[in-house]
Amino acid sequence: MDASTFRRMWDELLPVGRTENGYVRHSWTDADQSCRNWFRGQAEARDMAVETDRNGNLYAWWGPRRSRGAILTGSHFDSVPHGGAYDGPLGIVSAFLAVDALRERDATLQRPIGIAAFTEEEGGRFGVPCLGTRLMTGALDPDRARKLTDASGITLAEAMEAAGVDPGGLGPDPERLERLGAFVELHIEQGRALEADGDAVGVASAIWPHGRWRLTFTGEGNHAGTTLFADRRDPMLTFAFAVLAARKEARLAGGLATVGRVEVDPGATNAIAKRVDAWLDARAPDEATLNEIVSGLESKVGERAARDGTGFTSRAGSESPLVGFDEDLRDRVAALLGGAPVLPTGAGHDAGVLAAHVPTAMLFVRNETGVSHAPAETADDADCAAGVDALAAVLGDLAC
Ligand code: GLV
Ligand code: MN
Ligand code: MN
Ligand code: MN
């Protein structure tokens, strides 16, 4: 496919959710609805049947969707707060273009091909990543999901109702999973491994285990100008120690740890805080290492809190186990793509959740700078077009 064909379709979606500082495309917001409407329009233009499942995931089907062995592709529209354009939407745009490419070749379907737009992959609004696929696979309790709140205190149930979708149906969807023969997600690479190797497209081998923890630090709010150091119980100090300790524990163990979000109460310049809530993201090549990082951090911060006279608690928010993608499918895809490189990633994906239930593969498209989850995220049009060709080859091999 030529790069200009990719660009034409890409440009249609680009304005949706764009702000002066990157993308804000959270689930069940107006931007999300615009993305869903765009998706419906693309499906209808191709005579593909549109369907929304009980968990709000959206599908476009080429071929009879109820038959078994369907090949599903796609990704997600939602972004992290002020994220990039590519993480997610690239997999959906590429899927429609891959369907076009197969039809131009007069490919005959042996099994249906579906394109999915999964709900809230980033956890950017309600805090739990891969919300749509976790609900579908039964990995997330629907009662817990309905009560999840966003930053303004709106629950998932309320947000879905406001968007005209019934939250009462949330929950496992085993029949749907049973009908799937394979899932293949195309995604921008979130690192520079392909750039270093000089390849436009790669295949995923594994996703590192990862998780989110909510760290809460409590102390005593007081006056910044009159409270002697000796009299303070300042949770900000313990929090600052925790940020450094997270990095140290992860670096020593060979993993990664990030504190990218923090809320300070009351958040005044001239007042000692009374409470700090921080969100830890930790990842590692294996589960033992991940546990070592988090438990090491918790015990060191606990000791520090005792010295600071502050309170400290750590609560797991979501945990994602190690994912090894289906080896037969991975090898078949890599061979089909002429020996494409096979690489692991530290980023989570709906493909990681589905991999426990359906043979799943991922394709990565080169990201020259490696930047992701930030406005500067970008990929070359020619590489995206190469990604479409690769996805069309894979879908053709599996479904035609
Ligand atoms: C999702 O993109 C994640 O890895 O956090
Ligand atoms: Mn992401
Ligand atoms: Mn993504
Ligand atoms: Mn992701």
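These are my notebook entries on a predicted model of one protein chain.

**Overall build**

I began with the secondary structure and found 13 helices and 17 strands in the protein chain. I then looked up the radius of gyration, which is 22 Å; since a compact globule with 400 residues would have a value near 21 Å, the two agree. Along the principal axes, I noted that the C-alpha trace spans about 80 × 45 × 40 Å. For burial, I recorded that 48% of the 400 residues are buried.

**Domains**

I looked up the division of the chain next, and it gives domain 1 as 3-208 + 322-399 and domain 2 as 210-320. The C-alpha centres of domain 1 and domain 2 lie 33 Å apart. Where the two meet, I found nine residues of domain 1 in contact with 10 residues of domain 2. On the side of domain 1 that touches domain 2, I listed four nonpolar and five polar residues, with no charged ones.

**Backbone geometry**

I turned to the backbone with a reminder to myself that most residues other than glycine have a negative phi, and that most peptide bonds are trans. Against that, I noted a cis peptide bond running from Asp 265 to Pro 266, with omega near 5°. I placed Pro 266 in the loop between strand S11 (256-265) and strand S12 (271-272).

I then recorded Asp 47, which is not a glycine and yet has a positive phi, near 55°. Asp 47 sits in the loop that runs between helix H2 (30-45) and strand S3 (49-52). I count Asp 47 as exposed because it has 9 C-beta neighbours inside 10 Å, and the cut-off for exposed is 12 or fewer.

Cys 130 is another non-glycine residue for which I found a positive phi, near 55°. Its place is the loop between strand S6 (113-118) and helix H4 (131-137). Cys 130 has 27 C-beta neighbours inside 10 Å and therefore counts as buried, the cut-off for that being 20 or more.

**Ligand shell**

Last, I asked myself which residues are around ligand 1. I found Glu 122, Pro 129, Ala 347 and Gly 348 there. Sorting this shell by class, I wrote down two nonpolar residues, one polar residue and one charged residue.

Methods. Residues are numbered from 1 along each chain as its sequence is written. Chains are lettered from A and ligands numbered from 1 in the order in which they are written. This is a predicted model: local features need pLDDT of at least 70, side-chain atom pairs count only at pLDDT 80 or more; totals for chains, interfaces and linings use all residues. Helices (H or I, at least four residues) and strands (E, at least two) are DSSP runs, numbered from the N terminus. The radius of gyration is taken over C-alpha atoms; the globule rule is 2.2 Å times the number of residues to the power 0.38. A residue is near a molecule or strand if its C-beta atom, placed from the backbone, lies within 6 Å of it. Ala, Val, Leu, Ile, Met, Phe, Trp, Tyr, Cys and Pro count as nonpolar, Asp, Glu, Lys and Arg as charged, and the others, Gly among them, as polar. Domain bounds come from an automatic or database domain assignment. Two residues are in contact if their C-beta atoms, placed from the backbone, lie within 7 Å.
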